[in-house]
Amino acid sequence: QVQLVESGGGLVQAGDSLKLSCAASGRTFSTYAMGWFRQAPGKEREFVAHISLSGSSTAYTDSVKGRFTISRDNAKNTVYLQMNSLKPEDTAVYYCALLTYYRGPPMPYWGKGTLVTVSS
């Protein structure tokens with residue numbers, strides 16, 4: 001069974017930075033592309049960033065390009081999301097996920113997420 005534990009969220013002001021972490025267990029982490037998703041209040045969950053198995057390729061939704069950076073440490077079974085220049089519209093619960101393939105849909109395993117609140 002896959003377990004995903006997100007952490008690092010919090011309440012920050014616009015322009016601040018946060019680094020999210022997601023620890024994965026139950027599968028061979030290095031054999032899966034990974035992604036970050038977010039769900040804002042009253043909205044559907046949306047893609048934020050993807051990273052390939054080795055970490056050599058990444059992709060971002062347009063609204064976070066140039067501000068967010070996804071990375072992974074396969075030795076630690078952990079994927080990260082560095083978020084800079086945060087905006088109030090980044091407020092959401094952030095989730096990580098294993099992907100069926102790089103830039104593909106997420107596998108049906110979700111953690112509890114970590115809440116990011118950005119005040120103006």
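Met 83 is buried in the predicted model, with a relative accessibility of 0% (buried means under 20% relative accessible area, exposed over 50%, and partly exposed in between, with a 1.4 Å probe and protein chains only). The place of Met 83 is in strand E8; helices (H or I, at least four residues) and strands (E, at least two) are DSSP runs, numbered from the N terminus. Between the C-alpha atoms of Met 83 and Glu 46 there are 16 Å in space, and the two are 37 residues apart in sequence. Residues are numbered from 1 along each chain as its sequence is written. The model is predicted, so that local features need pLDDT of at least 70, side-chain atom pairs count only at pLDDT 80 or more, and totals for chains, interfaces and linings use all residues, while side-chain values use heavy atoms, with hydrogens and water left out.

Strand E8 belongs to an open sheet of 4 strands, in the order E1-E3-E8-E7, with antiparallel pairing. Two strands are taken as paired if DSSP finds at least two bridges between them. Strand E1 (3-7) and strand E7 (68-73) stand at the edges with a single partner strand each, so one side of each has no neighbour in the sheet. From one strand to the next, the twist averages 15 degrees; axes are lines fitted to C-alpha atoms, for helices over the stretch in contact, and angles run from 0 to 180 degrees between N-to-C directions. E7 and strand E8 (residues 78-83) run antiparallel and are joined by 6 bridges. Within this pairing, Thr 69 has Gln 82 in E8 as its bridge partner.

An open sheet of 6 strands has the order E2-E10-E9-E4-E5-E6, and its pairing is mixed. Its edge strands, strand E2 (10-13) and strand E6 (58-60), each pair on one side only. Neighbouring strands of this sheet are turned against each other by 25 degrees on average, direction ignored. E9 and E10 pair in the antiparallel sense over 3 bridges, and Val 93 stands opposite Leu 115 in E10.

The count of aromatic pairs comes to 3; rings of Phe, Tyr and Trp (its six-membered ring) pair if their centres lie within 6.5 Å, and planes under 30 degrees apart count as stacked, over 60 as edge-to-face and the rest as tilted. One of the pairs is edge-to-face and joins Phe 37 and Phe 47, at 6.5 Å centre to centre and 70 degrees between the planes. Phe 37 lies in strand E4 (residues 34-39) and Phe 47 in strand E5 (residues 46-51), so this pair ties together parts 10 residues apart in sequence. Phe 37 is buried at 6% relative accessible area, whereas Phe 47 is partly exposed at 25%. Tyr 95 and Trp 110 also form an edge-to-face pair, at 6.0 Å centre to centre and 85 degrees between the planes. Tyr 95 is buried at 12% relative accessibility, and Trp 110 is partly exposed at 33%. Ring pairs link Phe 37, Phe 47, Tyr 95 and Trp 110 into a cluster.

Arg 45 lies over the face of Tyr 95, at 4.6 Å from the ring centre (a charge sits over a ring if NZ of Lys or CZ of Arg is within 6 Å of the ring centre and within 35 degrees of the ring normal). The charged end of Arg 72 sits over the ring of Phe 29, 4.5 Å from its centre.
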